[in-house]
Amino acid sequence: MQQNINGSNIKSQIRVSSLSEKEEAQETLEIIQEMSQILNCGLDRQQLAILVSMIENGVNPEALSLVVNEMKTELNTYKKIHKQ
């Protein structure tokens with residue numbers, strides 16, 4: 001009987017921990033989005049979430065920033081050439 005109670009407590013703690021982690025991750029993303037807007041980065045919440053995920057999975061942040069800047073430059077060039 002004691003084992004079931006402990007098992008239940010562990011499961012409850014895991015759920016609470018997961019919820020807290022999710023809330024913390026969302027709060028962190030909100031802060032990153034606010035910083036992005038202040039710095040006029042031109043990245044939306046979904047794009048920022050993808051970049052954060054890439055960094056968390058080991059992508060070098062400096063290299064990633066260079067790629068993002070290059071892509072933005074290429075997009076602006078494309079828009080100028082194909083102006084409608």
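Tutor: Let us begin with the surface: the accessible surface of the protein comes to about 7500 Å², of which 55% belongs to carbon and sulfur atoms, where accessible areas come from the Shrake-Rupley method with a 1.4 Å probe and, for residues, only the protein chains shown count as cover. This is a predicted model, in which local features need pLDDT of at least 70 and side-chain atom pairs count only at pLDDT 80 or more, while totals for chains, interfaces and linings use all residues. Residues are numbered from 1 along each chain as its sequence is written, and side-chain values use heavy atoms, with hydrogens and water left out.

Student: How many helices and strands are there in the protein?

Tutor: The protein has three helices and zero strands, in the order α-α-α from the N terminus on; helices (H or I, at least four residues) and strands (E, at least two) are DSSP runs, numbered from the N terminus.

Student: Why is Ser 36 called buried?

Tutor: Buried means under 20% relative accessible area, exposed over 50%, and partly exposed in between (1.4 Å probe, protein chains only). Ser 36, which is found in helix 1, has a relative accessible area of 5%, and therefore counts as buried. Leaving aside its neighbours within four places in sequence, Ser 36 is in contact (heavy atoms within 4.5 Å) with Cys 41, Leu 43 and Leu 48. Across the protein, buried residues make up 8% of the 84 residues.

Student: What makes Glu 30 partly exposed, and where does Glu 30 lie?

Tutor: Glu 30 lies in helix 1, which covers residues 2-38, and its relative accessibility is 40%, so Glu 30 counts as partly exposed.

Student: How do you know that Leu 39 is exposed?

Tutor: Leu 39 has its place in the loop between helix 1 and helix 2 (45-56), and because its relative accessibility is 62%, Leu 39 counts as exposed.

Student: What is the phi of Asn 40, and why does Asn 40 count as exposed?

Tutor: Asn 40, in the loop between helix 1 and helix 2, has a positive phi of about 55° although it is not a glycine. Most residues other than glycine have a negative phi. The relative accessibility of Asn 40 is 66%, and therefore Asn 40 counts as exposed.
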